[in-house]
Structure formats: structure tokens, C-alpha cells
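Here is a colleague's note to read beside the coordinates.

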Amino acid sequence: MKTIEEINQRIKDGDAVVVTAAEMTQIVKENGADKAADEIDVVTTGTFGAMCSSGAFLNFGHTDPPIKMTKTYLNGVEAYSGIAAVDSYIGATQPSRIPEIGIDYGGAHVIEDLIRGKDIELIASSYGTDCYPLTDLKTHVNIENLNEAIMVNPRNCYQNYAAAINTTDEIIYTYMGTLLPNMGNVSFSSAGVLSPLLNDPYFQTIGMGTKIFMCGAEGYVIGEGTQHNTEVQRKNGVPVNGAGTLMLKGDMKQMDPKYVRGATMPKYGSTLYVGLGIPIPIINSDIAQKTAISDEDIVCQIMDYGTPKRSKPVVMESNYKQLRSGSVEINGVEIETSPLSSYKKALEIALELKSWINKGDFLLSNPVKLLKSEGCSPRPLEIRRQTVLVNEIKSKPLITANPNDDIRDVAKKMVQNSINHLPVVDADQKLLGIVTSWDIANAVAKGKTMLKDVMTKKVVIAREDEPVDVIARRIDKHEISGLPIISKNNRVMGMITAEDISRLMCARNLKDGV
């Protein structure tokens, strides 16, 4: 057994032996955990990835005359101002209010720009009071003239994270990046062997008050992050999915911009790339063994992000050695893998932290209270208003067409039934395509006579068990007005249209008194 005080004395004396987590894996493999625990004092870790649950508290100082800010915008991005007069909290994922910019610039970019020393436009408004008479303000601020700029991140440094794949036949845009159709790529986000919480999987050395590397400066663990989960499946002693998280704080005035980046996930929004490193004190052989875990030992589930539900299907299990190789094999097909996080940057952070400790510039801290290692399981949000599924909507009797039908007959059928969409099916009611009234008009104008020559063969569909809210989003995304409803055995059961959804929403709002 070693104590943190003993390790700190060795750091002060210049006698501490410090290695990165990647180096520790080989050391324990060659020498065993007992000998490694005797020889090694500190293992450094690192990660550099997208951490959406991040933000900063800013204090602007009082103006003359004073203002009690109620609406605050930094470079067009709103910061929450419901905390006293001149304090605000800007969240990383808050988008710009400027329509031309939208999600391409957000709170994360403001935070990076501040750390880089750039001037930021500040616009604030107030309802005015006797003691805070000023109602409007427009000026510029930067990191130097802010009284405080404290990064406080509610949920960072996920212990592990699922990799993402898309089994649908269309591109989807997610916080895991762009996912190609038909399992065209796998996206993952972890530093694997270097990842901080995978090197102390039961939080035996990390807790409230643990000093860390945070964006190139000293930071601290405040406690468990939001959605901290200890009741998870484990393999080789580590979680196969999200699990533990950290709540962190650090002084932005001391941070280095090369360890923080504002980014935008296409068609999703902004996020903040945060560079973090945690020193793991090797106080016994058990900790030495845990820091020796390899990329091959860390199992990661590949989940289908094409399923728009909280619980996503697991397509397969992999590990970070396979994922970092550039491809995985699924159903006999090699699928390209790519990281959202930077292993190169994570290693740079682990090495930088190692250098700080070796030079005596960074001492370890005893946590006031260790992170919870059991009894934490996040609860889902209950939607009290019942979710309506597609099969619960009353739809009109099913009317279909055959691909060999004459265009004029199809036109008559649509007029007689007052419909604008017609699924095209085979003898078994399996979907072959869809035709709209516009398609018919276009076909007549061009002199075409057979339905199969004008129908759309690649059809966006709705499943019977899908929520109507999801279908509404799909209709808006594809700029269409209706979708065929498909059963579990892939037969056409009806149509759901934008008009059907509008009627449902009106009825729901009336019921809720909106």
C-alpha cells in the first residue's frame, strides 16, 4: 500500500515514477501487477472528445448605470441569465439566434473564442428596476476583462460509450456524426486504453476534489456527472456502455486553446471538444492491475442509431483494438470504422500531464469523497401525455395500384377517392413504389401511359409501431406529405399523411387546453 501523501513526497523529491496508461499495459504484462505497484507511482490518462454537456459561468461586472441582465447574447448565442444581475451560464449546444448561422455556431464556439482571447459581442436587455435602471446594453468582452470565466461541465468523460451504426436505407445525422445508410460506417468515441474512467472502473481513487488536467489547466472533479450509472453490464471489469460520468470545473483564464474546440456535427448542432486527463495513483496492486487494461479487453457495443428510440438495438459487440484498426466485420462484410474522438490528442494530454508531474508542477489531491460505485441508475423521463403510435390513427380504407395499371385508371381512382397518394403493390400487398397526384399530372403532360414508368420506387415508409411524432419529423425532413404504413411482415396497411397528423395534433391540443 502507498498513500497519496507518500506519492506526492516522491513527486516533490523528483523520485516519482510516472507512466501513461498505454505504457502501463505493457509494464504489467511483462512484470505483473505486484511488481508494477512497487515501481510505478502514477499512471496518467487522457481523452479528447465531444462533450455536449459542457458550459461556462461568466461574470461580466457591473455597468454604470447598472443593468440586471435578463436576456443575454454572446456573438448571437443566448446565455442563461436567471442568476443575479451580471452572471450568465452559456451551454455548449446552444445555437445562434441568427437564422443564417443557426446550428453552425453555438455556445461551444463562443467558449473556444473566449479561451483564444477573441473579442465577443455582448448584447443584453432588462426590464429595468430602481436599482438596475439600464434596459439595453451592447458592447464587447474578452477573457481578460471578464471577472470570472469558469468552465463547469455537468457531464463529461463518459466511462465508455456505444459505437454507432445505421441500418436504415437513408443517411442520418446524429451526435455520433454522419451515419451512412445500410451499415455503411461505424462511428465510435473513446480513447480506449487511455480513457480516464476505464483505468479506475470502480472509482477507487477518483472523487470530489480530485485534481485533473482540464483543457491545458488544472481543474477539479466536483462529483458524479449527470446520468452517472453504476448498474451496468461489465466485461473484463469495465462497462460495455456509457456508465460513469464526471462533473468538472476549471478556470478558462488558465486554459490552452489547443485542448478545447468548438465543433458542429452536421445537421445536429454544436458541441465542445474537451481535453481531459486524470492521474491515477498506484496505491496498490489492484489499482495497478486495473490500469493495465488493453484496447482488446475493452468491449464496446455497436448500436443501431437508425432506431429513433431511447433503447437502441445492439448490432454486435466489438473492442477498441478492432474499432481502431479501421474496420469491423458484420455479417461477413468489412465496414469502415472512424473515431469521433482523437487518440493522438488523448495521448498528447497523457504525456503532458506526465511531464507536469515529473517536473513537480502537479501534485495529486486526496478526494474528499469518492465517486459512487454502486446504487446509481438514471431514470427515463416519463411522458405523461400518451405517445400515439401509427397503428392507433384511424386511416381511410386501403386503396392501392398495380405497376401495370394504366395512368388514366390510376387518375380516376385518385379523383374518385379524393386522395393524393397511392401505394403501388404486388399481389401479396408488398410495397413496390408510390405515386402522387403530381406524378400523374406530370406523366399525362409527358404522354406516358403505364404506372410503372412514373412511380417512385424508393419510398420513405412508416412502421405500425412507430410514434406519430417520429413520422411527423420524417415527413418534414423529406419534404413529403404522406407515407405508406408497413406491417411487421412488410405488407402495406394504409397511408399516413401530414393532414392526418395535423388533425391529431389539433385534437391533442384541444384536450390539453392549449
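**Notes on the model**

1. Let me begin with a sheet. Strands β1, β2 and β23 form an open, three-stranded sheet in the order β1-β2-β23, with mixed pairing. The edges are taken by β1 (18–20) and β23 (279–281); each has a single partner strand, so one side of each is left without a neighbour in the sheet. From one strand to the next, the twist averages 25°. Please keep in mind throughout that this is a predicted model.

2. Strand β2 (residues 42–44) and β23 run antiparallel and are joined by three bridges. Within this pairing, Thr44 stands opposite Pro279 in β23. Two helices pack on the sheet. Helix α2 (residues 21–31) touches β1 and β2, and its direction makes about 100° with that of β1. Helix α7 (residues 343–358) touches β1, β2 and β23, with its direction at about 175° to that of β1.

3. Next, the aromatic residues. A search of the whole structure turns up ten aromatic pairs. One of them is Phe48 with Tyr273: the ring centres are 5.7 Å apart and the planes make 45°, so the pair counts as tilted. If you want the reasoning behind that label, planes under 30 degrees apart would be stacked and planes over 60 edge-to-face, so an angle of 45° falls in the remaining class. This pair links distant parts of the chain, as Phe48 belongs to strand β3 (residues 47–50) and Tyr273 to strand β22 (residues 269–277), 225 residues apart. Phe48 and Tyr273 are both buried.

4. A single aromatic cluster is formed by Tyr158, Tyr161, Tyr175, Tyr268 and Tyr305. Elsewhere, two arginines sit with their charged ends over tyrosine rings: Arg97 over Tyr73, at 3.7 Å from the ring centre, and Arg234 over Tyr202, at 4.1 Å from the ring centre.

5. Which residues of helix α9 (residues 437–445) are buried? They are Asp439, Ile440 and Ala443. These three cover an arc of only 100° around the axis, which puts them on the same side of α9. On the other side of α9, Trp438 and Ala445 are exposed. The cover over the buried residues of α9 includes α8 (407–416) and β30 (431–436). After the helix comes Gly447, with a positive phi near 75°.

6. Following α10 is Glu479, with a positive phi near 55°.

7. The peptide bond from Asp64 to Pro65 is cis, with omega near 0°; Pro65 lies in the loop between β4 (55–59) and β5 (71–74). Asn182, in the loop between β13 (177–179) and β14 (186–188), has a positive phi near 55° in a residue other than glycine. Asn182 is exposed, with a relative accessible area of 53%.

8. Is Gln227 buried, partly exposed or exposed? Its relative accessibility is 45%, so Gln227 counts as partly exposed. Gln227 sits in the loop between β17 (217–224) and β18 (234–235), and its phi is positive, about 65°, although the residue is not a glycine.

9. Ala84 is exposed, at a relative accessible area of 54%. The C-alpha atoms of Ala84 and Lys68 are separated by 7.3 Å, with the two residues 16 apart along the chain.

Terms used
Residues numbered from 1 in each chain as written. Predicted model: local features only at pLDDT ≥ 70, side-chain atom pairs only at ≥ 80, totals over all residues. Heavy atoms only, no water. Phe/Tyr/Trp six-rings, centres within 6.5 Å; stacked < 30°, edge-to-face > 60°. Helix = DSSP H or I, 4+ residues; strand = E, 2+ residues; numbered from the N terminus. Buried < 20%, exposed > 50% of the residue type's maximum accessible area, 1.4 Å probe, protein only. Lys NZ or Arg CZ within 6 Å of the ring centre and 35° of its normal. Pairing = 2+ DSSP bridges. Axes fitted to C-alpha atoms, helices over the stretch in contact; angles between N-to-C directions. Contact = heavy atoms within 4.5 Å. Arc of directions from axis to C-beta.
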